[in-house]
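Biologist: I have a model open on my screen. Please show me how to read it.
Modeller: Gladly. Here it is.

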Amino acid sequence: KERIGEAAARSGRSAADVVLVAVTKTATPDQIRTLVEAGHTDFGESRVQQLSQRVATLEEFLGRKRFLAKEADDAAEQSVRWHMIGHLQRNKVKQVVPLVQLIHSVDSLRLAEELHAIGARNLSRDDERAKPIEILLQVNASGEEQKFGLAVPAVTHFAEQIDTMLNLRLRGLMTMAPLTDDRDEVRSCFRRTAELFEEIRLQSYVSEHFNVLSMGMTNDFEIAIEEGANLVRVGRAIFGEGEG
């Protein structure tokens, strides 16, 4: 968090302006619980099966905490937010949607349509807790063929299409920098995505909810923040290499 604060200061902001998503890929259950006990709320996973296990285990832990707090007449109730940060296949959508608050990796119209259909079913149940599914568009700003994500020229039109899907709420953009030691190349990738984010933000078809720029991981989150990221996804710098 100190490193986040220093990077934010270099871009004229404070640490409070940047959401830290702790990526639990290499974490042990004890490490996750330790972070929760310390008050951390945002966690991310890239694999659906592991996400399901993490959510269930942590919910059991939080359930015990709530029970004990109730017994002790302690009104404080802690909750966490889960983020799906990895590539999402359409046949996994139904499983993922109930588990997470934000999906970072929407990268095709077919995936968006599947999410929209699930959102329609949720809203049709007349559950007062039901709301549009919150998503980010994944941008392939580096242009790497092996990477998932929308090509930069396609993103603005795609965002406009999402606006017609009332069961989805477009919250912003996500990108991943190339794995390279060339810091200028990494910075250029983040800068390109930040410029695109600001360009879309000015369009009439996006709402005030379009305010999340998810960029930066363990190797490059400070550069991402300097270039405007307000959400970073950090795993190894928190939990170590682990076995994941």
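Biologist: What share of the chain's contacts between residues at least 6 apart in sequence join residues at least 24 apart?
Modeller: A contact means heavy atoms within 4.5 Å. Here, 62% of those contacts join residues at least 24 apart.

Biologist: What ground rules apply?
Modeller: This is a predicted model, where local features need pLDDT of at least 70, side-chain atom pairs count only at pLDDT 80 or more, and totals for chains, interfaces and linings use all residues. Residues are numbered from 1 along each chain as its sequence is written, and side-chain values use heavy atoms, with hydrogens and water left out.

Biologist: How many helices and strands are in the chain?
Modeller: Helices (H or I, at least four residues) and strands (E, at least two) are DSSP runs, numbered from the N terminus. The chain has nine helices and eight strands.

Biologist: What radius of gyration does the chain have?
Modeller: The radius is taken over C-alpha atoms, and the globule rule is 2.2 Å times the number of residues to the power 0.38. For 244 residues, a compact globule would be near 18 Å; the chain has 18 Å, so the two agree. Its C-alpha atoms fill a box of roughly 55 × 45 × 35 Å along the principal axes.

Biologist: Is Ala141 buried or exposed?
Modeller: Buried means under 20% relative accessible area, exposed over 50%, and partly exposed in between (1.4 Å probe, protein chains only). Ala141 has 4%, so Ala141 is buried. Its place is the loop between strand E5 (133-139) and helix H6 (152-162). Leaving aside neighbours within four places in sequence, Ala141 touches Val152, Thr175, Cys189, Arg192 and Thr193. Across the chain, buried residues make up 45% of the 244.

Biologist: And where is Arg183 found?
Modeller: Arg183 is in helix H7 (residues 183-201). Arg183 has a relative accessible area of 41%, so this residue is partly exposed. Beyond neighbours within four places in sequence, Arg183 is in contact with Asn219, Asp220 and Ile223.

Biologist: Which residues have the most contacts inside the largest nonpolar core?
Modeller: A nonpolar core is a set of buried Ala, Val, Leu, Ile, Met, Phe, Trp, Tyr and Cys residues joined through side-chain atoms within 4.5 Å. The largest here has 57 residues, and Ile103, Leu115, Ile135, Leu137 and Leu173 have the most contacts inside it. H7 gives the most to this core, with seven residues. A second, separate core has nine residues, including Ile4 and Val234.
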